[in-house]
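Open the model in your viewer and keep the selection tool at hand.

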Amino acid sequence: MNFELKSFDLAAAAAFKCDALLLLVADGFKPGKDPLSQFVQQAVKAGDFETKAGKLLQSYQSAAVAAPRLVLAGAADGSARQLRKAVAAGVAACRANTVKRLLVLVAGAEPDDHGVRQLVQAAAEASYVYVTTKSVPEGRKLQKVTVGVADANAVRQGFAHGLAAVAGIEMAKEWGNRPANHATPTMLGEAARSLTRLPRIKCEVLGPREVAKLGMGSFMSVAQGSKEPLRFIVLHYNGGARDQAPQVLVGKGITFDTGGISIKPAAEMDEMKFDMCGAASVLGTFRALGELQPAVNVVGLIPSCENMPDAGALKPGDVVTSMSGQTIEVLNTDAEGRLILCDALTYAERFKPAAVVDIATLTGACVVALGGVHSGLFSPSEPLAAALLAAGASAHDSCWRMPLDDDYAEGLKSNFADVGNVGGRAGGAVSAAKFLQRFATQYPWAHLDIAGTAWKSGAAKGSTGRPVGLLLDYLVAQQASAPVAAPRKPARKAVASAARAPRKTKATPAAAA
Ligand code: BES
Ligand code: MN
Ligand code: ZN
């Protein structure tokens with residue numbers, strides 16, 4: 001889908017040729033003399049439209065506008081949150097018919113960077129359609145969205161951030177939604193490699209032999225029950241100074257989780273194709289970084305394999321040796337996410353990271369605790385937790401801080417190894433985080449449990465693309481606090497700079513907010 005940003009007033013918008021005009025009307029609306037204003041005012045007077053959130057009025061071939069369809073959507077106080085809701089309702093209303101070109105604009109409030117970003121993301125979200133494994137792909141109908149604002153130059157940053165987020169979120173959705181036979185560890189590796197066509201991104205994909213050499217015995221033990229070979233994906237985005245410590249993202253990439261020998265019940269087991277949504281969010285975030293080009297260094301690590309029951313599969317009670325040297329008693333083979341993440345967390349040490357954030361569909365317990373609203377955030381670092389909470393709020397992709405008291409680790413004690421891979425049922429999301437914490441001792445660390453937020457069940461079954469929005473916001477904000485990038489050596493710069501967008505040295509308040 002294509003987006004463009006243009007300066008418009010209501011009169012110009014009314015004359016604009018497109019398939020539909022979506023006018024988001026906020027409480028502050030004051031009618032002018034133009035026909036479109038008059039139309040809105042009459043509808044309000046007649047009681048047929050209100051600026052309340054969620055209110056809609058559709059009309060066809062109205063004399064007030066050149067577009068055949070006019071949709072009014074109530075945008076309440078005109079805040080980013082309300083604009084998001086209004087766009088969602090308005091675009092959904094257009095989805096049933098043949099709208100290819102849409103003009104969206106706001107009356108009664110002027111969206112800032114933040115508002116424009118949400119507006120772009122909401123329009124993409126409401127028109128997204130999955131097609132990859134349909135025999136007759138009926139794709140998204142909406143082709144082009146023009147965002148009209150009073151002064152386009154004032155909100156270019158927010159617009160660019162929105163476009164990058166959309167590209168990243170849609171990549172995460174695509175890989176999340178693909179069934180497991182269309183999203184194997186090998187295919188994830190290829191998807192990661194394809195990101196290197198974007199500037200400043202490098203990728204390396206390790207296979208079973210290299211992973212064995214690294215001593216990732218815990219990761220390998222999960223993969224051993226599957227015919228699909230494991231992959232360990234290493235991505236680099238170099239937007240900052242060479243000596244700037246990177247942010248490391250680690251994504252759980254279980255392409256299908258049967259539970260292994262501790263097999264899951266049949267009901268809804270299909271949803272375990274989404275068990276690589278942490279990995280998909282890392283891929284999507286790199287896609288977004290490649291678009292937006294912020295001045296930060298980021299490393300992405302994805303351990304990826306299937307969790308299958310098989311003659312060669314890991315058995316309950318087996319003891320495996322992790323890359324850190326710690327031995328683990330595998331009491332439940334369905335607690336496999338932590339077994340692959342722990343080795344990736346040890347591998348992360350070599351980058352001397354500024355911070356490490358892992359993202360994982362880790363526990364059903366987190367779904368029980370927080371539902372689909374907030375992702376679970378676990379971190380012993382106050383500044384890192386604060387930065388992630390702020391990014392979540394700003395991106396409308398929120399997380400909620402959970403505890404990490406040592407008392408929650410009691411259940412992980414083992415008589416036969418250094419640690420067991422499960423605690424009791426109670427507090428299961430926290431004991432999982434406590435397990436990971438044992439391997440994240442060398443840097444500031446946070447864990448996001450996205451089991452409840454990464455996908456939706458039921459009629460709307462599908463990947464949400466979360467938490468790409470949160471991660472992008474977090475990384476963009478890091479460039480403000482990071483030292484300003486030193487210029488690169490001229491020889492390298494001459495080759496590379498032509499293909500690059502100008503690098504920002506400082507986040508704008510909107511991008512960092
Ligand atoms: N991938 C699941 C977590 C999950 C379950 C996400 C349901 C979304 C919905 C994970 O690998 C898992 O199976 N976790 C177990 C851990 C338990 C055995 C300690 C769980 O949550 O039941
Ligand atoms: Mn599992
Ligand atoms: Zn799992």
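A polar contact here is a pair of N or O atoms within 3.5 Å. Keep that cut-off in mind for the first stop. Note too that this is a predicted model.

**Stop 1: the ligand.** Select ligand 1 and aspartate 257. A side-chain N or O atom of aspartate 257 sits 2.9 Å from an oxygen atom of ligand 1. Next, pick threonine 361. Here the backbone takes part: one of its N or O atoms is 3.4 Å from a nitrogen atom of ligand 1. Alone, ligand 1 would expose 510 Å², and the protein buries 77% of that. The ligand has 16 residues around it, the closest being Lys264, Asp275, Asp334, Glu336 and Gly364.

**Stop 2: the cores.** Select Leu283, Val357 and Leu448. These have the most contacts inside the largest nonpolar core, a set of 57 residues. Helix 9 (residues 277–292) supplies the largest share of this core, 9 residues. A separate core has 48 residues, including Leu230, Leu341, Met402 and Val430. Return to leucine 448.

**Stop 3: helix 5.** Select residues 156–177. Is helix 5 mostly covered or uncovered? Covered: 18 of its 22 residues are buried. Then check its length. At 1.5 Å a residue, helix 5 should span 32 Å, and its end C-alpha atoms are 31 Å apart, so the two agree.

Key:
Residues numbered from 1 in each chain as written. Chains lettered and ligands numbered in written order. Predicted model: local features only at pLDDT ≥ 70, side-chain atom pairs only at ≥ 80, totals over all residues. Heavy atoms only, no water. Core = buried A, V, L, I, M, F, W, Y, C linked by side-chain atoms within 4.5 Å. Buried < 20%, exposed > 50% of the residue type's maximum accessible area, 1.4 Å probe, protein only. Helix = DSSP H or I, 4+ residues; strand = E, 2+ residues; numbered from the N terminus. Expected span 1.5 Å × (residues − 1). Near = heavy atom within 4 Å. Polar contact = N/O pair within 3.5 Å; in protein donor to acceptor, adjacent residues only side chain to side chain. Areas by Shrake-Rupley, 256 points an atom, 1.4 Å probe, with all protein chains shown as cover.
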